[in-house]
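Please look over the sequence and the model below before reading on. This report is written for a reader who has not seen them before.

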Amino acid sequence: MRIVLASISFYPSHGGVATSLYYMAQHLKRLGHEPIIFVGRHENHLSSYEEMDGIGVFRYTQPLSKWGSLFRPFLHFVSAYRSWRRVCERGTVDAVWSHYAPVGYAVHKAGFDGPIIYTFHVLMNSFLHERMVKLKKGSLQSRIRCLLYMINYSQNAYFERSIVR
């Protein structure tokens with residue numbers, strides 16, 4: 001099966017998402033599947049397509065926003081939606097495993113009618129509680145940053161509700 005692992009970051013970025021995508025792709029490859037990575041391109045010097053250890057990596061252009069994280073989910077949605085056809089040009093995709101709701105939803109809206117598995121990595125209640133505590137105690141800059149994070153995650157929750165329907 002050709003399985004697309006979709007998210008917002010991958011190598012050379014370091015972190016839990018990039019590492020878990022890499023190891024999941026390696027494991028799927030050992031099981032005889034053809035994993036494909038579909039992620040945002042955070043750095044301009046990265047190519048829009050490359051092979052890493054025999055795994056195809058497609059990167060969609062991630063537009064920058066002067067508003068920072070405020071519109072991040074929608075910007076990822078638009079960029080992933082526009083770039084999805086490049087993945088399909090290389091062959092039929094059997095399934096998509098999305099680790100970021102706006103990217104998975106973009107794939108769905110771009111016409112993919114196969115199975116899409118969504119994995120959400122944040123417990124919304126505990127995340128918002130943590131942000132509310134910081135919102136009450138922090139400096140003005142820290143309070144603004146917390147509000148932007150909360151708006152970002154409420155947009156992500158909008159995508160989650162759209163998917164469940």
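This is a predicted model: local features need pLDDT of at least 70, side-chain atom pairs count only at pLDDT 80 or more; totals for chains, interfaces and linings use all residues.

## Nonpolar cores

The largest nonpolar core has 20 residues. Within this core, Val4, Phe38, Trp84, Val87, Val96 and Val103 touch the most other members. Strands and helices both contribute: β1 (2–6), β2 (34–41), β4 (55–61), α2 (72–89) and α3 (101–109) each supply at least two residues of this core. Apart from this core lies another, of 13 residues, including Leu5, Leu21, Ile37 and Val57. In soluble globular proteins, nonpolar side chains tend to be buried together.

Once neighbours within four places in sequence are set aside, Val96 is in contact with Val4, Ala6, Trp84, Val107, Phe112, Pro115, Ile116 and Ile117.

## Strand β4 and its partners

Strand β4 is mostly covered, with six of its seven residues buried. β4 pairs with β2 in the parallel sense, over six bridges. In this part of the model, Arg41 stands opposite Thr61 of β4.

β4 also pairs with strand β3 (residues 49–52), here in the antiparallel sense and over four bridges. Met52 has Ile55 in β4 as its bridge partner. β3 and β4 form a hairpin with two residues between the strands. In this hairpin, Asp53 takes a positive phi near 55 degrees.

## Salt bridges

How many salt bridges does the structure hold? There are three. One joins the side chains of Glu34 and Arg2, at 3.3 Å from N to O. Glu34 lies in strand β2 and Arg2 in strand β1, so this pair ties together parts that are 32 residues apart in sequence. Glu34 counts as partly exposed because its relative accessibility is 40%. Arg2, with a relative accessible area of 11%, is buried.

Another salt bridge links Arg59 and Glu50, whose closest N and O atoms are 2.4 Å apart. Is Arg59 buried or exposed? Arg59 counts as buried because its relative accessibility is 2%, under the 20% cut-off for that class. Glu50 has a relative accessible area of 25% and is partly exposed. There is also a salt bridge between Glu89 and Arg85, with the closest N and O atoms 3.8 Å apart. These residues are four apart in helix α2, so about one helical turn separates Glu89 from Arg85. Both Glu89 and Arg85 are exposed.

## Helix α3

Why is α3 described as largely enclosed by the rest of the structure? Seven of its nine residues are buried, so α3 has that description. The buried residues of α3 are Ala101, Pro102, Val103, Gly104, Tyr105, Ala106 and Val107.

After α3 comes Gly111. The phi of Gly111 is positive, near 115 degrees.

Conventions:
Residues are numbered from 1 along each chain as its sequence is written. Side-chain values use heavy atoms; hydrogens and water are left out. A nonpolar core is a set of buried Ala, Val, Leu, Ile, Met, Phe, Trp, Tyr and Cys residues joined through side-chain atoms within 4.5 Å. Buried means under 20% relative accessible area, exposed over 50%, partly exposed in between (1.4 Å probe, protein chains only). Contact means heavy atoms within 4.5 Å. Two strands pair if DSSP finds at least two bridges between them. A salt bridge is a side-chain nitrogen of Lys or Arg within 4 Å of a carboxyl oxygen of Asp or Glu.
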